[in-house]
Amino acid sequence: MAAEAEPFVKVGGLGDVAGSLPLALRRLSVDVRLVLPLHGVIREQGLALQPVCEFDIPYKKKNLLVKVSSLTWEGLVVYFVDGPLIPPDAPVYSRDHLADAAKYAFFSIAALRLAQELGWQPDILHANDWHTALAVYAMKQNQANDPFFTNTCAVIGVHNLPYLGNGSKSLLNAFGLRPAAHPLLPKWARTLPLPLGLLTADRIVAVSPGYAREILTPQYGSGLDEFLRTRADVISGILNGIDLENWDPETDPCLKKQYSARSLDDRNANREALQAEVNLPVDSKVTLMGMVNRMDYQKGMDLVPEALIDLSRRSRKPPPEWQIVILGTGDAEIEAHTKRLETRFPSRVRVVTRFDPGLSRMIFGGADLIIIPSRYEPCGLTQMIAMRYGCVPLGRSTGGLKDTIIDYDTTGESTGFLFEEAAPQSLMDGMIRAFKAHRDRKAWRELQQRGMAQDFSWNRSAAQYLKLYQEVLN
Ligand code: GLC
């Protein structure tokens with residue numbers, strides 16, 4: 001169960017995972033089915049959905065009618081849940097916490113009931129993030145008096161801990177659920193979907209081993225670290241994968257010139273094409289940086305302007321030569337703040353604040369360095385995609401970034417650069433290290449090739465999920 005999944009609906013990284021993992025599990029012969037809300041954006045696509053069933057679920061003192069339809073996509077059965085609390089005109093995530101809370105509580109309960117309506121008894125219910133966490137809680141609460149789910153185990157995926165599902169308090173009661181009275185769960189968290197899911201799931205899976213450890217600390221634990229430490233024995237981390245076919249510099253049609261690890265000279269054509277595309281001076285000597293990031297606080301976007309200004313103020317000989325192309329949308333203030341850099345550095349900075357998948361591919365295929373200054377990063381896909389394209393990552397040393405980027409050294413293992421603090425100075429120091437390394441073209445080429453040789457495939461991740469499912473069933 002997920003709030004979003006590609007190719008039907010994608011807002012962020014959860015959509016990538018919920019779209020790719022089920023297919024990869026199917027390739028391992030798992031009978032997996034995907035359940036999504038019938039969001040307005042899905043409805044608009046005019047998909048050939050087949051009606052499956054209709055049923056009522058109790059809500060307050062009345063009933064709500066649930067309508068389920070489905071399609072088969074690459075062999076995977078996908079169900080879409082529709083009903084009065086999933087308004088056709090609402091975005092996947094809105095600013096209205098209460099409406100979102102109601103929508104996803106309804107979806108969670110309805111999706112759970114769907115299995116019963118179908119008579120399809122799952123071994124594993126795999127929920128993701130706060131949106132579907134109540135399904136885990138509801139299943140566990142009813143397990144004693146509902147034999148249907150007696151043998152079903154629950155796994156909850158943690159893609160982004162701080163989003164707990166505020167605004168759900170009255171919904172528990174409305175859907176006939178009791179708040180948790182468990183002494184280990186802090187009082188404030190006893191009516192929030194994600195904590196309730198974390199309390200009752202048989203296993204908790206963070207999207208990287210590093211994040212699985214970090215959520216046990218006060219810095220990353222969102223106030224739940226003490227509680228999560230009591231559950232440490234059921235918490236683990238599995239790195240997400242990327243779709244190697246979709247992200248392939250040998251076939252990517254958005255690139256001026258396709259290339260592989262053996263033909264990296266061809267990459268220069270893409271570098272020039274990128275500079276020309278955004279109207280930067282076409283210059284082969286500069287270190288060309290790129291960013292493909294949601295413009296928000298989590299992603300550390302606000303650290304970038306100050307780091308670049310500091311960088312330009314440093315009197316070094318020779319002064320570092322750099323350019324940067326920044327692509328992303330999100331917080332209006334952060335967008336505006338970042339955009340101002342263009343005026344300050346007209347021949348070095350371009351900021352593109354629109355959704356532009358083609359340009360993102362040109363950045364991966366043409367930039368030398370990709371900057372990922374996240375404050376926290378449960379997994380992160382950007383660094384994996386970048387490495388596959390020979391675009392060297394400079395990331396903050398946190399979560400999945402730390403797990404996937406091997407920091408530059410001279411031992412011949414490294415695949416990128418890490419910096420420690422979520423502070424402009426630390427980011428700038430990282431950039432300077434990278435610029436210096438970039439001057440050694442042979443070492444740089446090897447760095448690119450090691451990145452390109454990493455295995456970030458879904459097959460590897462899916463095999464780990466399957467092993468985890470088997471462990472939990474045993
Ligand atoms: C969230 C996290 C990101 C992760 C993605 C998929 O978007 O912020 O780090 O890669 O979920 O798990």
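Me: Which helix gives the most to the lining of the second largest cavity?
Reply: This is a predicted model, where local features need pLDDT of at least 70, side-chain atom pairs count only at pLDDT 80 or more, and totals for chains, interfaces and linings use all residues. Residues are numbered from 1 along each chain as its sequence is written, and side-chain values use heavy atoms, without hydrogens and water. H3 and helix H4 (129-142) each supply at least two lining residues; helices (H or I, at least four residues) and strands (E, at least two) are DSSP runs, numbered from the N terminus. With four residues, the helix that gives the most is H3.

Me: How much space lies in the second largest cavity?
Reply: A cavity is a set of points on a 1 Å grid over the protein atoms alone where a 1.4 Å probe fits but cannot get out; a pocket is an open set with protein on both sides within 12 Å along at least five of seven lines, and lining residues have an atom within 4 Å of a point. The structure holds two cavities of 30 Å³ or more. Points join across faces, edges and corners, and volume is the space filled by probe spheres set on them. The second largest cavity holds about 30 Å³.

Me: How many charged residues line the second largest cavity?
Reply: The lining includes Ala101, Tyr104, Trp130 and His131. Asp, Glu, Lys and Arg count as charged; Ala, Val, Leu, Ile, Met, Phe, Trp, Tyr, Cys and Pro as nonpolar; the others, Gly among them, as polar. Six lining residues are nonpolar and three polar, while the charged count is: no charged residues.

Me: Which residues lie closest to the centre of the second largest pocket?
Reply: This pocket holds about 680 Å³ of space. Its lining has 36 residues. By class, 27 are nonpolar, six polar and three charged. Closest to the centre are Val32, Arg33, Trp120, Ile124 and His126.

Me: How far is a polar side-chain atom of His159 from an oxygen atom of the ligand?
Reply: Polar contacts are pairs of N or O atoms within 3.5 Å; within protein, one must be able to donate a hydrogen and the other to accept it, and residues adjacent in sequence count only if both atoms are side-chain atoms. A backbone N or O atom of Cys379 lies 2.9 Å from a ligand oxygen. For a polar backbone atom of Gly380, the distance is 2.7 Å. For the His159 side chain, it is 2.6 Å.

Me: Which residue does a cis peptide bond join to Glu6?
Reply: Most peptide bonds are trans. Here omega is about 0 degrees.
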